[in-house]
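Q: I'd like to take a close look at one spot in this model with you. Could you walk me through its surroundings?
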Amino acid sequence: MYLSDMHTHSIASGHGTTCTISEMTKQAAARGLKLLGITDHGPATLAAGTPSYFRSLTFSPRKRFGVDLLYGIELNILDTEGHVDLEEELLSRLDYAIASMHAQNYRSKSRKENTLAYINAMKNPHIKILGHCDNPHYPVDYEALAVCAKKHQVLFEINEASLAPYGYRGDTTANNREILRCCAKYQVPVVLSSDSHGADHIGDFTYAAEFVHQAMFPQNLIYNNQIPKLKVFLQTR
């Protein structure tokens with residue numbers, strides 16, 4: 001059983017998601033989680049969180065239904081220079097940020113250019129997790145990403161929504177296997193993430209957990225259950 005889920009989306013992300021943060025936290029408590037990260041999509045995503053929404057998160061409760069809460073954002077990487085869709089002043093108010101590529105905001109380029117986009121994004125001290133970089137539509141050099149992640153203290157995620165049958169990114173198995181190989185080689189930690197849009201899949205790591213188990217990935221590099229260490233990692237600039 002894993003005790004934290006750091007990549008989830010509330011009604012503020014759009015996509016037809018209707019659950020409030022309170023409803024999501026209630027579900028997290030029912031599933032035995034001790035820490036929940038709310039990471040709604042950045043403003044460049046259609047109908048997603050506005051700058052004022054992310055500003056207001058600063059004043060939100062830090063504990064609900066016995067679950068500790070961290071408030072972050074899933075940023076959109078916009079170009080090969082690693083620019084993202086929330087300004088520094090607002091990012092500094094959030095607990096952490098995930099950086100991801102989405103088709104609406106970043107058209108896939110060459111393997112070298114996609115890799116450079118992630119590397120430049122990781123230079124932003126607020127970015128602490130690479131979001132679903134297993135996507136086969138965005139080929140990258142995982143060895144180079146792992147070296148950069150080690151340098152800048154960034155986690156990789158093993159994304160349940162990528163590995164589950166209901167996922168839409170295609171076959172991510174080989175890419176996730178390569179992510180784990182490189183993370184083990186360079187001692188880069190990972191987190192299992194549900195990427196749940198709403199409450200339905202919060203804390204559900206059915207396929208991600210089996211994948212890391214089959215890969216014999218070191219437990220000490222999976223931070224979901226190392227909550228004090230995870231909090232420090234995510235909030236260290």
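Leaving aside its neighbours within four places in sequence, which residues is E74 in contact with?

A: Happy to! This is a predicted model, in which local features need pLDDT of at least 70 and side-chain atom pairs count only at pLDDT 80 or more, while totals for chains, interfaces and linings use all residues. Residues are numbered from 1 along each chain as its sequence is written, and side-chain values use heavy atoms, without hydrogens or water.

With neighbours within four places in sequence set aside, E74 is in contact (heavy atoms within 4.5 Å) with H7, H9, T39, D40, H41, G42, I98, S100, H102 and H132. Two of these partners also make polar contacts (N or O atom pairs within 3.5 Å, one able to donate a hydrogen and the other to accept it; residues adjacent in sequence count only if both atoms are side-chain atoms). The E74 side chain pairs with the side chain of H7 at 3.1 Å and with that of H9 at 3.0 Å.

E74 lies in strand β5, where strands are DSSP E runs of at least two residues and helices H or I runs of at least four. β5 (67–76) is also one of the elements that the buried residues of α1 pack against; those residues are I21, M24, T25 and A28.

How values were computed
Buried < 20%, exposed > 50% of the residue type's maximum accessible area, 1.4 Å probe, protein only.
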